Amino acid sequence: MVADSVAEQIAALKDEDWAIREEAACLLGTLKDPRAVIPLVSVLRDRDRSVREAAIGALTAIGEPSVPALGACLSDPELTVQEAASAILASIADQRVLDPLKDALRSHDWIVRMHAAKALGRVQEVSAIAPLLPLLQDKVKAVREEVATALAAIGEAAIPALLDTLQHAEWLVRLHAVESLGKMKSQKAVEPLLSVLFNDQDSAIREDAVRALGEIGDPQAVEFLFTAMKEPGLRTLAVEALGRIGDRRAVPVLIEVVEGTRPLEAPRAVAGCGDQWNEEVITQGAAVRALGIIGDDSSIPCLVTALEPTFTRAEAAAALGKFGAKAVPFLLPLLTGPRDENIRYHVKEALALAGWRPGRV
């Protein structure tokens, strides 16, 4: 019965009515019969976009049996077919299409290059590192980002090549190498990234180095991030990275930031936000969030105080909620007395997040 249905829908792919062709493609995706692969691949050339999209969905749903035929499509004369095949392979590619995908990295079509890079990240084959690296300087940002992600997915085998790339003359190449190392989350990248943080001349790369250190989460970076906090442009990012690392050595420093006892000298104003809104205000909000992530009990009083300023109020409520029952005794007294209604609203929000309900002992 199922076999008859498959044959029927394959025949319907040639119907004159585009709606019937579209429905047939969708049904074949539901049936997932490998015999439908070649007929569906031919529909990637259909004149109607909705039919082509239905074929893409069906081939993706069929999965592994579709891979070889789609690999052959990467060299099809029609770019739309190449684009469709590469988009599907980005989700289902395997070792069988490794060589066609590497060839596709040289396509004149940036969409094909982008999907091919993503597919190679899925395959995670070491031999893809060399052809991927040149695309870190691709003219299209989406391609560069997929290449960085793919290299990170390949893993530690890509680290030596990425470390060499940190010395590249083109700043964009160094930038995406830093991003890739951060996504990889390898401890081996920490020292090279610290070197970038304090030696690279490009501010965007140094900022990304801080982000990458936060992604990796190695406590080795903590003391160096304290130093980075002293620099405008890096301060907020360093605070966020400290929160992601989660080392309790950061708690006293973050409390000082929230309380304003160790402000940045001459903080930069934030464009469009008025004279009272500057980098330090943003950093205080980031420090509140970081304290919530780290979850050290000693920060609860500081976070309660952070409910007062409007610019840290919402973050403080969310952070306190993460402490659960431990925060409740500090919050309950704030429900009474002549307090601002907005503060009481956020106190109630923090209590709800902490699991407290009125009337509960």
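Q: What makes Leu 89, Val 97 and Pro 100 contacts of Gly 71?
A: Contact means that heavy atoms lie within 4.5 Å, and, when neighbours within four places in sequence are left aside, Gly 71 is in contact with Leu 89, Val 97 and Pro 100. This is a predicted model, in which local features need pLDDT of at least 70 and side-chain atom pairs count only at pLDDT 80 or more, while totals for chains, interfaces and linings use all residues. Residues are numbered from 1 along each chain as its sequence is written, and side-chain values use heavy atoms, with hydrogens and water left out.

Q: Why is Gly 71 called buried?
A: Buried means under 20% relative accessible area, exposed over 50%, and partly exposed in between, with a 1.4 Å probe and protein chains only; Gly 71 has a relative accessibility of 8% and therefore counts as buried. Gly 71 belongs to helix H5, residues 67-73, where a helix is a DSSP run of H or I with at least four residues, numbered from the N terminus.

Q: How do you know that Ser 180 is buried, and what does its side chain reach?
A: The relative accessible area of Ser 180 is 0%, so Ser 180 is buried. Ser 180 sits in helix H12, residues 171-184, and its side chain reaches the backbone oxygen of Ala 148 at 2.8 Å.

Q: What makes the pairing of Asp 138 and Arg 113 a polar contact?
A: A polar contact is a pair of N or O atoms within 3.5 Å; within protein, one must be able to donate a hydrogen and the other to accept it, and residues adjacent in sequence count only if both atoms are side-chain atoms. The side chains of Asp 138 and Arg 113 are joined by such a contact of 2.8 Å. Asp 138 lies in the loop between helix H9 (129-132) and helix H10 (141-154), and with a relative accessible area of 10% it is therefore buried.

Q: Why is H14 called roughly parallel to H16?
A: Axes are lines fitted to C-alpha atoms, for helices over the stretch in contact, and angles run from 0 to 180 degrees between N-to-C directions. Helix H14 (residues 203-216) and helix H16 (residues 235-245) pack at an angle of about 15°, with their axes 7 Å apart. Angles under 35 degrees count as roughly parallel, over 145 as roughly antiparallel, 65 to 115 as roughly perpendicular and the rest as oblique, so H14 is roughly parallel to H16.

Note on methods
Helices (H or I, at least four residues) and strands (E, at least two) are DSSP runs, numbered from the N terminus.
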